[in-house]
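Please load the model in your viewer and keep a selection panel within reach. The tour moves from one selection to the next and says what is found at each stop.

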Amino acid sequence: MCPFNYDLTGKKVFVAGHRGMVGSAIVRRLATEDCEILTAERKDTDLLNEEQTRRWLERHRPDTVVLAAAKVGGIGANNALPVDFLCENMRIQLNVIQSSHAVGVDRLLFLGSSCIYPKFAKQPINEDSLLSGALEPTNEWYAIAKIAGLKMCQAYRQQFGRDYISAMPTNLYGPGDNYHPEHSHVPAALLRRFHEAKLADAPSVAVWGTGTPLREFLYVDDMADACVFLLKHYSEREPINVGTGDEVSIGQFAAMVAEAVGYLGKLEFDTSKPDGTPRKLLDCSRLLSLGWKPKTSLQEGLPKALHDFLDGGGRHLHVTSDAAE
Ligand code: GDP
């Protein structure tokens, strides 16, 4: 039983970042609730622009904000674009969180990432290990921005009594992902690379790193379901982890993607590419104890993600997308 209940009925919910993988999944999920969903198009309202963001919020006055807008990308993009990842994310967060407070939004859900935790945090990683050690260098820019975002939520709670909460998802995948060959996360990168290798009848495909790092993958519609659950039932200062509890090595994961795609060639590990953090399994006992659990296994989710790619997701080859990681 959840002690806290927030009724979404009749509420105006602003999803910032609705074109991204996570934001679009949250919009799909919120469509099954009896609430009004608000979105802002980037061409009219650039969340990097303080005045435009403030004006949009003043005009629409949402009851609740979900901050899923972010500059995101995989290990390659984070390494290549540190200024973009640090500064754009800080700016979006400042604009959306400050303006939400200014127009009287009392409830806000901020989306972070499991990379906020120290590189060598005790596994599975619980929320209390935040800021207990050094970060993984390949994504510290993004992580620092996300830590600042969750700290802003805590600061607004402490100083102004705002009910701003933060969720920390594990690695996500699914429809709406960014399929850029160099800048995407591993699920989208491998779906695309194996698909292209299958079409070209290539004898082998490169997988970055050693294949030994362990990762936990959550299907994005499960993440969206968790976000709605948290909006309704979570009201604490501390961030809350969202994951599956299952981990696979990158080597095992690559084999699963190859199978989903139907690629029969060899996998070659390119050790000139970075591995990133060796392991990041989230401890989700706080969320599980509230009564939420994921529904979609990798065996079910990967074919759906492939379907999205084949269905045109792969046409959108932007460097980054508006979605929390
Ligand atoms: P991370 O969890 O922040 O490291 O995010 P990524 O999704 O970018 O990478 C996860 C793991 O997959 C890392 O160990 C990468 O080295 C590995 N990996 C293997 N092939 C690829 C690839 O083509 N793209 C990316 N981004 N990672 C890959």
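The lining of the second largest pocket divides into 5 nonpolar, 4 polar and 4 charged residues, where Ala, Val, Leu, Ile, Met, Phe, Trp, Tyr, Cys and Pro count as nonpolar, Asp, Glu, Lys and Arg as charged, and the others, Gly among them, as polar. Select Phe 217, Thr 244, Asp 246, Ser 297 and Leu 298, which of its 13 lining residues lie nearest the centre of this pocket. The space in the second largest pocket comes to about 180 Å³, a volume being the space filled by probe spheres set on grid points that are joined across faces, edges and corners. On a 1 Å grid over the protein atoms alone, a pocket is an open set of points with protein on both sides within 12 Å along at least five of seven lines, a cavity is a set of points where a 1.4 Å probe fits but cannot get out, and lining residues have an atom within 4 Å of a point.

Before going further, note that this is a predicted model, in which local features need pLDDT of at least 70 and side-chain atom pairs count only at pLDDT 80 or more, while totals for chains, interfaces and linings use all residues. Residues are numbered from 1 along each chain as its sequence is written, and side-chain values use heavy atoms, with hydrogens and water left out.

H8 and H10 pack at an angle of about 55°, with their axes 10 Å apart; axes are lines fitted to C-alpha atoms, for helices over the stretch in contact, and angles run from 0 to 180 degrees between N-to-C directions. The two helices are therefore oblique to each other, given that angles under 35 degrees count as roughly parallel, over 145 as roughly antiparallel, 65 to 115 as roughly perpendicular and the rest as oblique.

Turn next to helix H1 (residues 21–30) and helix H7 (residues 220–233), whose axes come within 8 Å and cross at roughly 60°. That angle makes H1 oblique to H7. On the H1 side the contact includes Met 21, Val 22 and Arg 28, and on the H7 side it includes Val 220, Asp 221 and Met 223. The residues of this contact divide into 10 nonpolar, no polar and 4 charged.

Now select helix H4 (residues 82–102) and helix H5 (residues 140–160), whose axes come within 8 Å and cross at roughly 15°. H4 and H5 are therefore roughly parallel to each other. Among the residues that make the contact are Phe 85, Leu 86 and Met 90 of H4, and Trp 141, Tyr 142 and Met 152 of H5. By class, the contact of H4 with H5 has 15 nonpolar, 5 polar and 1 charged residues.

Follow the chain back into the loop between strand S4 (107–111) and H5, where Pro 124 is placed. A cis peptide bond joins Gln 123 and Pro 124, with omega about -15°. Leu 131, in the loop between S4 and H5, has a positive phi of about 65° although it is not a glycine.

The last stop is the largest cavity, with a volume of about 410 Å³. Of its 28 lining residues, Gly 74, Ile 75, Val 186, Arg 215 and Asp 275 are the closest to its centre. The largest share of the lining, 4 residues, comes from H6, and the lining as a whole divides into 10 nonpolar, 11 polar and 7 charged residues.

How values were computed
Contact = heavy atoms within 4.5 Å.
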